[in-house]
Amino acid sequence: MAAPNDWRALSGPDPEFSKMIEERFNGTWPGFPGFPDIAKMRELMGKSKRAMTEHHGGASIDGVQEKDHLVTVRDESKITCRLYIPESEHNGGRPVYVVFHGGGFCLGGLSNEELLCRLLCKELDIVCVNVEYRLAPEHQFPTAPKDCFDATKWVAQNASTLGIDLSKGFVINGTSAGGNLAVTVCYQWHDEGLQPPITGCHLMNGHFVDPEHVPEQAQADYKSWWELDDAPILNHHYSKVFFGNYFPDKSKRGDPLFSVMGREDGPKILPATYFQVSGLDPVRDEALIFERWIREAGKPTKLTVYPGLPHGFWSVFPKLESSKRFFDDAIEGARWLLKK
């Protein structure tokens, strides 16, 4: 899909979503369950993600072997990486998708992306690595980007043992906060001069810049954050809690391991990139700007936009036809990346 010309029009209501809100919630957008209790929100998000997986048949996908590995990161802590490996016969190693979940850097875990990992593994005959990085407020910035980078290095260092051939495809994926972390991994990989290169980046409703640190060249197009301040699922009310727990020192939120759009050479560093962007989402415009910059830097990009749908809609409202289409698009986008 080409980049849309009228970004503001993308926030116009999706008919199916609007009908559901009217019927189920009397026309009022639902709040975030458990807010602002982080522990309660974690519990409820876990239930929501498991319900999403069940609805889309992810709990009954066969032919996929799952195994947890405890990975030691730089401070000698251990985090869990869950591998999803096809049980079918295969000559040599498989491509890999390294996956980082969303949740505002404070919520979420392995259950967030188990459906995506199982689908990709089954449909594309690849290995997926689902990373359980540490969360705020217990572990504030920059723990998360360091955990994600260390996990990715572990994947690369143990590729042959894990049944992976990085030359066939080495893709980094992330949703929401995980999209931010996926970009930070690409930056860190570049800065350390590691090989082989990352071949693809898959960003799903990613958050790429602190609103107080938007680069000057982006400010004219950066409007959705301010215009959609009261959007469903993600809005300023919830963002303040998440970012406050993850990065309480506002003066440092311009760090390129958080405001990844602020790194001037960033678009040149990133590999082929696939964006999935929601139209009724405060972080919409930063994704559209970032996609344009990467494309103008000469890197292949692919863009799918969901007009009138909010941040993470496929997770909170799995019964929408658009939610099924989101996962279909994710598989096709992954297929596209693996050919780059």
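User: What covers the buried residues of α1?

Analyst: Helices (H or I, at least four residues) and strands (E, at least two) are DSSP runs, numbered from the N terminus, and cover is judged by contact, that is, heavy atoms within 4.5 Å. Here the elements over the buried residues of α1 include β7 (272-280) and β8 (301-310). The model is predicted, with pLDDT of at least 70 needed for local features and 80 or more for side-chain atom pairs, while totals for chains, interfaces and linings use all residues. Residues are numbered from 1 along each chain as its sequence is written, and side-chain values use heavy atoms, with hydrogens and water left out.

User: Which residues of α1 are buried?

Analyst: A residue is buried under 20% relative accessible area, exposed over 50%, and partly exposed in between (1.4 Å probe, protein chains only). In α1, residues 15-25, the buried ones are F17, M20 and I21. They lie on the same side of the helix because they span an arc of only 100° around its axis, taken from the directions from the axis to the C-beta atoms. The face turned away from that side carries the exposed residues P15, K19, E22 and E23.

User: What caps the N-terminal end of α1, and what follows the helix?

Analyst: A polar contact is a pair of N or O atoms within 3.5 Å; within protein, one must be able to donate a hydrogen and the other to accept it, and residues adjacent in sequence count only if both atoms are side-chain atoms. The cap of α1 is D14, which has a side-chain oxygen 3.2 Å from the backbone nitrogen of E16. After the helix comes N26, with a positive phi near 55°.

User: How many aromatic pairs does the structure hold?

Analyst: A pair of aromatic rings is described by the distance of the centres and the angle of the planes. Rings of Phe, Tyr and Trp (its six-membered ring) pair if their centres lie within 6.5 Å; planes under 30 degrees apart count as stacked, over 60 as edge-to-face and the rest as tilted. The structure holds 23 such pairs. One of them joins F25 and F317, edge-to-face, with 6.4 Å between centres and 70° between planes. F25 belongs to α1 and F317 to the loop between α10 (313-316) and α11 (321-338), so this pair ties together parts 292 residues apart in sequence. F25 is partly exposed at 25% relative accessible area, whereas F317 is buried at 3%.

User: How far apart are the centres of the rings of F141 and F247?

Analyst: The centres are 4.2 Å apart and the planes stand at 20°, so F141 and F247 are stacked. This pair, too, links distant parts of the chain: F141 is in the loop between β4 (127-132) and α4 (143-157), and F247 is 106 residues away in the loop between α7 (236-246) and α8 (266-269). Both residues are buried.

User: Which residues have the most contacts inside the largest nonpolar core?

Analyst: A nonpolar core is a set of buried Ala, Val, Leu, Ile, Met, Phe, Trp, Tyr and Cys residues joined through side-chain atoms within 4.5 Å. The largest one has 77 residues, and F100 and F290 have the most contacts inside it. Its largest share, eight residues, comes from α5 (residues 177-191). Beyond four places in sequence, the contacts of F100 include V131, C148, T152, I172, L181 and V185. A second, separate core of 39 residues includes M52, Y97, L280 and I331.

User: Where is T152, and is it buried or exposed?

Analyst: T152 is in helix α4 and is buried, at 0% relative accessibility. Apart from neighbours within four places in sequence, T152 is in contact with V98, F100, F170, I172, V185 and W189.

User: Which side chain does N205 join through a polar contact?

Analyst: The side chain of N205 meets that of S278 at 3.1 Å. A polar atom of the N205 side chain also lies 2.9 Å from the backbone nitrogen of G312. N205 is placed in the loop between β6 (200-204) and α6 (224-227) and counts as buried at 3% relative accessibility.
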